[in-house]
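Visitor: I am new to this structure. Could you show me how to read a chain and the place where it meets a partner?

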Amino acid sequence: MFANGDEIFKISRLTIAWLTIIFTIVWMVCWGVGIGLPMLLTQQLGDQANLANEILRAVTPVIAILVFIPINAMFMVLIERRALALWTVRKGPNRVGPDGNLQTAADAVKLLLKEDITPTGADAAMHTFAPILFFAPSIIGAVPLLAAVTNDHPLFHILNLPTGIFYVLAAGALPVVALVMAGWASNNKYSLVGGLRSAAQAISYEIPLVLSLVTVCLMAGTLDLVKIAQQQAGGILNWNLLGGGALVGLNQAIGGGGAKALEAAYPMGAVSYVCAGLLVCSLIISFWLYLTGACAEINRIPFDLPEAESELVSGYNTEYSGMKFAIFFLAEFTNLFVVASVTTVMFLGGGDNPIPPYILDKIPGIPQMVAAIRESFLCQNLHLINPETLFATLWVIAKVYGLVIFAILIRATLPRFRIDQLMAFGWKRLIPLSLIVFIIVVFAREFVNIHG
Amino acid sequence: MATEIQEIDLKTDEMIINMGPQHPATHGVLRLLLTLDGETVKHVEPVLGHLHRAQEWQGQNRTWFQYQALIDRVDYLSGMFTSWAMARACEQLDGVTVPERAEYMRVIVSEMNRITSHLLWLGTYLIDLGAMFGFPFYPFREREKLFDLLEEIAGQRMMFNYIRIGGVLRDPKPAWFDKLKAFLDEFPDRIDEYETIVTQNPIFLKRTKGVGILKQSVATDYGVTGPCLRSSGIAMDLRRTRPYSVYPDLKFDVITFDKEGDTWDRYMARILEMRQCVDIIRQCVEKIPTGDIMGKKQMAGMRIKAGEGFAAVESPRGVLGCYVTSSGGEKAVRFRWRNPSFCNLTILPELLKGCPLSDIMAIFGSIDIILPDVDR
Amino acid sequence: MTDEAKPEEAKSDAKPEEVKSEAAKPEAKPADAKPAAKPAAAAAAAKPAEPAAPPVPLEPAKFGQFLKEHGISSERLPDSCGVETIVVAADQLEKAMRLLRNSSEIKLDLLLTVTGVDSADTFDSVYHLWSYSHLDQLVVKVLTKKADVAEGELPAVPSLANFWSAANWHERETYDLVGIRYSSHPYLRRILNPWDWEGHPLRRDYKQLVDALNDKNPHSMR
């Protein structure tokens with residue numbers, strides 16, 4: 001067909017370079033504010049520094065998010081454009097910087113310097129407030145995720161909520177208000193139609209989205225994101241994607257528990273096995289429901305009707321330019337990232353290694369490497385590297401960006417729904433399906449001994 | 001239901017939306033004044049003329065030779081056909097005999113042009129349906145190859161000015177035919193590739209099946225021609241029904257559908273037509289005789305004999321006609337284009353009545369108009 | 001315009017060339033509605049815009065005969081490239097068109113174009129009729145003498161748009177560019193030019209609004 005191996009290589013290089021830079025910067029900032037500076041202060045001032053240290057530790061996560069979100073969005077825009085270009089047989093941005101790697105940085109500068117226009121007849125206050133209200137929830141929603149994706153690192157432990165997923169969903173429901181506001185305040189009929197469409201769409205798709213997550217919480221028995229992530233530790237069979245704990249017994253049996261572990265996990269014999277199978281199917285469907293609902297929630301193709309370009313010009317953000325548009329743009333990609341992170345934590349085992357520990361430990365070199373890192377100066381004295389957090393974060397990064405790439409692939413493939421078909425699909429297909437899955441899980445989980 | 005609404009005196013206003021001329025999906029500068037009830041279209045009024053370049057006026061004020069170069073711009077996606085229509089009209093008037101090799105060359109290049117036009121339509125139509133970034137660029141890959149071939153013989157990528165009154169401009173080298181054959185061997189696979197992605201895509205089917213049904217009676221009333229008409233079940237293809245040039249010697253069938261044409265049928269008609277074009281070009285390449293390619297001397301002051309004549313060709317969009325009145329001078333007395341886009345666009349208000357807002361682009365795109373062809 | 005310059009020359013060589021072209025490629029025009037006998041007067045005028053020019057009126061051919069049978073008088077003009085061309089009076093146009101379109105034997109149901117031509121002393125409204133199902137074609141003309149058009153008025157021709165939707169936009173365009181008023185047209189507005197455009201650009205007496213720069217430019221096409 002066409003030779004694009006070169007292009008794939010370039011994109012991989014770009015991804016690795018950008019991700020290394022992003023996460024090094026973010027971690028250095030976090031470490032500096034949360035660990036390095038307090039260590040220094042304690043050394044210099046002793047106990048007098050306690051108050052300052054507490055404050056510093058409290059602001060660390062906020063600073064981490066504030067540093068992370070803009071550069072991450074820049075990277076995601078770039079990777080989206082390059083990946084789309086790869087899948088649509090053309091060249092992406094390849095002029096600014098080496099291989100076009102600085103394209104989005106240049107775009108960001110351009111957007112910030114552009115004139116900010118408020119159209120005549122627009123409600124200026126609401127017009128200004130809408131992008132802020134759109135952006136804020138994506139930051140708010142990202143906060144409790146931090147602890148979950150870093151394997152409950154002490155720096156971010158403070159942010160963990162016992163009702164984490166509930167909080168994330170609540171924050172994720174807010175942007176709709178902003179979209180309706182933006183549509184209404186723009187004094188533009190296309191914007192208005194876009195805003196109303198987004199309201200209708202978000203309300204319809206929130207239901208299957210939430211129900212699919214409730215299914216997972218039901219399996220886990222908790223709303224705590226960290227606990228949900230930690231429950232899934234121990235290889236791909238423990239992940240919520242594959243039965244939400246229904247296969248834990250099988251995993252243990254393979255790992256050395258033998259028939260005893262099987263009996264403990266599936267006490268009712270054949271009934272339990274069938275139920276475990278049902279649970280696996282249900283959770284896979286739940287995963288798919290969540291992805292669909294999330295696509296609709298964050299207005300991506302094939303559900304990007306609020307900003308359907310061929311119909312509504314650009315929907316709710318038609319009248320936005322400069323900074324305000326940049327914030328909309330930023331928030332859209334942050335939402336994508338948040339959704340991918342939630343999927344990772346809820347379904348893909350958070351920072352868990354898909355290879356179970358009983359196999360991993362047998363691979364020569366790996367345990368020694370972990371031990372070496374743990375005993376190194378960086379870990380022992382400076383707390384710069386923590387092997388648990390490091391590997392968890394690497395897996396999270398791989399999973400999250402894998403999902404992002406998947407979303408881009410969908411964007412490169414599918415056409416858009418029509419609004420009535422979209423609503424029919426949501427109400428007549430997804431909601432009944434999610435309810436059915438929910439009910440199956442409610443009953444089937446009683447017959448399987450979940451999580452030991 | 002309706003009476004209930006009246007009882008509680010619930011009143012909704014109609015919204016008038018001005019779609020275009022600056023709109024990403026109106027294929028240029030068409031302006032549609034939409035009256036919407038919610039998201040349902042109540043009334044559409046197309047407002048034309050934003051791309052009006054007085055092509056007919058220019059035809060009367062430029063010499064024949066000058067105007068030949070201009071008319072590719074009437075329909076810039078299928079410039080060969082506009083040239084051909086004018087050439088045929090003038091040849092009829094002038095009594096020029098076109099050499100057979102030139103006629104074959106005309107068929108070859110215009111069928112190539114038909115493929116490029118349909119390829120562009122395919123890409124942009126998918127954009128209209130919202131596949132904003134994915135598929136649309138694949139047809140452009142093949143379109144580029146065709147344009148490279150056309151550029152090689154015409155010297156221009158889109159404004160060919162290749163078909164002249166009396167013949168064609170240049171005789172291609174034998175190597176050109178080899179390149180063309182190589183492309184023809186490869187192209188059907190590419191069409192299969194498009195079809196794999198698009199034809200049975202469930203979302204695509206949902207958006208196009210049963211949408212924008214064009215009834216035969218409506219089509220004939222509005223004078224619709226081209227793939228739109230044929231997908232509605234009327235087998236009118238000038239190449240077969242009123243064969244001109246060397247089409248009688250070539251084997252192909254008119255593509256029609258049994259049922260009343262919806263948007264999906266119009267899509268399918270064009271896909272099948274592309275496959276058919278490949279066949280036609282293959283036959284031409286095999287049959288093309290050697291010989292002269294020009295039957296009339298090309299010069300700035302050339303004249304066409306007095307009289308009036310109408311000639312039409314089957315362009316990718318329908319019957320492209322050219323009505324010429326000459327007085328034997330250097331310029332025409334009256335030039336009149338019968339543009340398929342202009343005539344096919346008239347059905348738009350009829351098709352859009354009562355459809356949801358999202359379907360406007362699905363239907364409008366499926367008619368395959370091109371604005372310079374509408375506004376001239 | 002050079003159309004008045006050499007009418008004799010044009011006439012003299014129009015006929016033989018036309019015959020030669022038809023002999024050379026017969027397959028190119030299978031649709032010729034050729035009358036059985038071409039009267040000698042056909043050679044007299046290739047210029048369509050002068051109905052007074054042919055000294056002897058031509059025998060009506062297929063469609064003229066058909067219309068005559070149904071009580072519509074038409075005048076035959078010399079064929080335009082082998083296509084029968086008839087002139088119909090304005091007040092009989094609608095009836096004639098309905099007949100031609102709906103009668104099962106003729107069924108000229110594809111209205112290709114409506115063209116306005118500003119000829120030397122008439123305004124012509126030219127209708128090209130084809131059929132979806134067979135190969136016949138016909139050119140119908142309605143001529144309005146310029147002398148009959150009052151000062152400041154537009155020549156009036158009955159509109160077909162009320163029963164033939166294909167005519168709708170074509171008539172609007174002709175009104176816009178040539179200035180023929182199609183009476184009883186449902187929505188006779190300018191279609192290509194802006195609504196406030198002055199004059200009708202394809203008229204012979206149309207004065208182009210020329211800006212000062214172009215006026216002074218010796219190379220200007222105008």
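**Reading chain C and its interface**

Guide: Start with one pair. B:Asp221 and C:Arg101 form a salt bridge through their side chains, at 2.9 Å from N to O. Keep in mind that this is a predicted model.

Visitor: Which elements of chain C supply at least two residues of the side that touches chain B?

Guide: Look for helix H1 (7-24), strand S3 (110-118), strand S4 (122-130) and helix H4 (166-177). S3(C) gives the most, with 8 residues. By residue class, that side of chain C holds 31 nonpolar, 14 polar and 13 charged residues.

Visitor: What area is buried between chain C and chain B?

Guide: About 4900 Å², and carbon and sulfur atoms give 59% of that. On the side of chain C, the residues that lose the most area to chain B are C:Tyr132, C:Trp169 and C:Leu192, together 16% of what that side buries. In terms of contact, 58 residues of chain C meet 61 residues of chain B.

Visitor: Now chain C by itself. How many helices and strands does it have?

Guide: Chain C has 5 helices and 7 strands. Read from the N terminus, the order is α-α-β-β-α-β-β-β-β-α-β-α.

Visitor: What share of the residues in chain C is buried?

Guide: Of its 222 residues, 52% are buried. Chain C exposes about 10600 Å², with 53% supplied by carbon and sulfur atoms.

How values were computed:
Residues numbered from 1 in each chain as written. Chains lettered and ligands numbered in written order. Predicted model: local features only at pLDDT ≥ 70, side-chain atom pairs only at ≥ 80, totals over all residues. Heavy atoms only, no water. Helix = DSSP H or I, 4+ residues; strand = E, 2+ residues; numbered from the N terminus. Buried < 20%, exposed > 50% of the residue type's maximum accessible area, 1.4 Å probe, protein only. Areas by Shrake-Rupley, 256 points an atom, 1.4 Å probe, with all protein chains shown as cover. Contact = heavy atoms within 4.5 Å. Buried area = accessible area lost by both parts, 1.4 Å probe. Salt bridge = Lys/Arg side-chain N within 4 Å of Asp/Glu carboxyl O. Nonpolar A, V, L, I, M, F, W, Y, C, P; charged D, E, K, R; others polar.
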